[in-house]
Amino acid sequence: MIKWAGWIITLCGTAHTIGALTVQKAARHAGEWFSGGLWDEDLAELSPAGGAYWLSLASFGIPLILIGLTVLWLDRRDITPPAFIAWTLAAWTAVDAVVLPFTPWPLFALACALLLIGAHRADRDNPAGDREL
């Protein structure tokens, strides 16, 4: 279950980042990003290049990739990820579901449930609490 959760989180983060850079064509603004074009950017009034940057490289996609890969790394070492990862992602998913209902939030809800069930099973199978942290 934990492995599936890790893969879901990683794939969603990867799909978001790559999709923003390619399908949404955010990468066409890379020249402006790396030439200092956003240094004086007003976050209240984003330029197209600023919006593209926040949609792609500065979005939640890359942190989700890192979280998913960390969950997979922990699972390969038989270390149960801490429940706060699942609870934090669940809270974020709930907000996302309310604010933007037509996003893939159900996949994140599934990943959170899988993480929580996996952590519960690990606790149940190791009641002495001597699992690695």
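**Exercise 1.** In this predicted model, is the crossing in which α5 passes α6 left-handed or right-handed?

*Solution.* The crossing of α5 and α6 is left-handed.

**Exercise 2.** Determine the relative direction of helix α5 (residues 83-99) and helix α6 (residues 105-125), and describe their contact.

*Solution.* 
Step 1. The two helix axes approach within 9 Å, and their crossing angle is roughly 160°.
Step 2. Angles over 145 degrees count as roughly antiparallel, and α5 and α6 are therefore roughly antiparallel to each other.
Step 3. On the α5 side the contact is formed by Ala83, Ile85, Ala86, Trp87, Leu89, Ala90, Thr93, Asp96 and Ala97; Trp105, Phe108, Ala109, Cys112, Leu115 and Leu116 face them from α6.
Step 4. By class, the residues of this contact comprise 13 nonpolar, one polar and one charged.

**Exercise 3.** Carry out the corresponding analysis for helix α1 (residues 2-22) and helix α4 (residues 61-76).

*Solution.* 
Step 1. The axes of α1 and α4 come within 7 Å and cross at roughly 160°.
Step 2. This angle makes α1 roughly antiparallel to α4.
Step 3. The handedness of the α1 and α4 crossing is left-handed.
Step 4. From α1, the contact involves Ile2, Lys3, Gly6, Trp7, Ile9, Thr10, Gly13, Thr14, His16 and Thr17.
Step 5. Sorting the residues of the contact of α1 with α4 gives 10 nonpolar, eight polar and two charged.

Notes:
Residues are numbered from 1 along each chain as its sequence is written. This is a predicted model: local features need pLDDT of at least 70, side-chain atom pairs count only at pLDDT 80 or more; totals for chains, interfaces and linings use all residues. Side-chain values use heavy atoms; hydrogens and water are left out. Axes are lines fitted to C-alpha atoms, for helices over the stretch in contact, and angles run from 0 to 180 degrees between N-to-C directions. Helices (H or I, at least four residues) and strands (E, at least two) are DSSP runs, numbered from the N terminus. Angles under 35 degrees count as roughly parallel, over 145 as roughly antiparallel, 65 to 115 as roughly perpendicular and the rest as oblique. A crossing is left-handed if the near helix is turned anticlockwise from the far one by less than a right angle, and right-handed if clockwise. Contact means heavy atoms within 4.5 Å. Ala, Val, Leu, Ile, Met, Phe, Trp, Tyr, Cys and Pro count as nonpolar, Asp, Glu, Lys and Arg as charged, and the others, Gly among them, as polar.
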